[in-house]
Amino acid sequence: MTRTVRIAPSILSADFADFAREIRAIEDQGADWVHVDVMDGHFVPNITFGPPAVKAFRPHVRTVMDVHLMIAPVDPYIDAFAEAGADILTAHVEAGPHIHRTLQAIRAAGMRPGVALNPGTPAEAALPLLDLVDLVLVMTVNPGFGGQAYLDMTGKVRTLRAAIGDREIHLEVDGGIDPGTAPGIVTAGADVLVAGSAVFRGGSVEAPEVYGRNIAAIREAARG
Ligand code: DX5
Ligand code: ZN
């Protein structure tokens, strides 16, 4: 079966002084979604941006703003991210003891809920949550930084794809995705590929065609 594969560049690898033009550049060059990595220096050892920054990105995103929360706790910030204009809001299953409540609150706030799994968390942790989510994110690095080495999660992705069955749930992978790693994980069942370094490498807003070539290379490789 052929499944449409979406490429979601992570703006963690963009020029932090120029987000508006960077978002324009990746969308013009074929990005399907824009992936926004929110880190709190507590759930992960790095700090990026909060709701005001996400709100500032909003008017520049014409596709889908895919917001990946690497924060704990999540619940106190859900309304702020809704107001900031997130389309998809993904919370980690490891981020708190009440994940069902979190996912319900994300839906109630008008966003599409996603649940993320760290590499050390088994597929089974997401199985009781499939009726509550529009997306499952399988991390293929330990979250916190761009440019890390890929961890093979094909078994986990295969298990989740089988469990998802014919439900309309995206299966996203994030970390170390490039033309070399994309084919295996797409064959296993991933349909949204987040890529930071592999999209932004070698390009800039002055040379956006490089982003286009990088995105096309991942898409081509994923096609097999
Ligand atoms: C990692 C982030 C990723 C990261 C991916 O914590 O969630 O989205 O930006 O970067 P690459 O593609 O460089 O591994
Ligand atoms: Zn991410």
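Before moving on, some ground rules. You're looking at a predicted model, in which local features need pLDDT of at least 70 and side-chain atom pairs pLDDT 80 or more, while totals for chains, interfaces and linings use all residues. Residues count from 1 along each chain as its sequence is written, chains are lettered from A and ligands numbered from 1 in the order written, and side-chain values use heavy atoms, with hydrogens and water left out.

**Stop 1: the ligand shell**

Keep ligand 1 selected. It is surrounded by 20 residues, the closest being Asp 37, Gly 144, Asp 174, Gly 196 and Ser 197; to belong here, a residue needs a heavy atom within 4 Å of the ligand. Now show polar contacts (pairs of N or O atoms within 3.5 Å; within protein, one must be able to donate a hydrogen and the other to accept it, and residues adjacent in sequence count only if both atoms are side-chain atoms). A side-chain N or O atom of Asp 37 sits 2.7 Å from an oxygen atom of ligand 1. A polar side-chain atom of Ser 10 is 3.0 Å from a ligand oxygen atom, and Gly 144 uses a backbone N or O atom at 2.7 Å. On its own, ligand 1 has 380 Å² of accessible area, and the protein covers 99% of that (Shrake-Rupley method, 1.4 Å probe; for residues, only the protein chains shown count as cover).

Switch to cartoon. Strands E2 (34-39), E3 (65-70) and E8 (192-195) each supply at least two shell residues, and E2 gives the most, with three. These labels are DSSP runs numbered from the N terminus: helices (H or I) have at least four residues, strands (E) at least two.

UniProt's unreviewed entry lists "binding site" positions that include Ser 10, His 68, Gly 144, Asp 174 and Ser 197. UniProt positions follow the numbering used here, with shortened feature names, and annotations may be inferred rather than shown by experiment.

**Stop 2: two glycines in one loop**

Pick Gly 144, in the loop between strand E6 (135-139) and helix H5 (154-164). Buried or exposed? Gly 144 is buried, at 1% relative accessible area; buried means under 20%, exposed over 50%, and partly exposed in between (1.4 Å probe, protein chains only). Beyond four places in sequence, Gly 144 touches Met 39, Val 44, Asn 46 and Met 70, where contact means heavy atoms within 4.5 Å.

Slide along to Gly 146, also between E6 and H5. Gly 146 is partly exposed at 46%, and touches Leu 12 and Ser 197, with residues up to four places away left out.

**Stop 3: Asp 191**

Next, go to the loop between helix H6 (182-188) and E8 and select Asp 191. Asp 191 is buried, at 5%. Which side chains does Asp 191 meet in polar contacts? One belongs to Arg 161, at 3.5 Å, and another to His 170, at 2.7 Å.

**Stop 4: Ala 72**

Finish at Ala 72, between E3 and helix H3 (78-84). Ala 72 is buried, with 18% relative accessibility.
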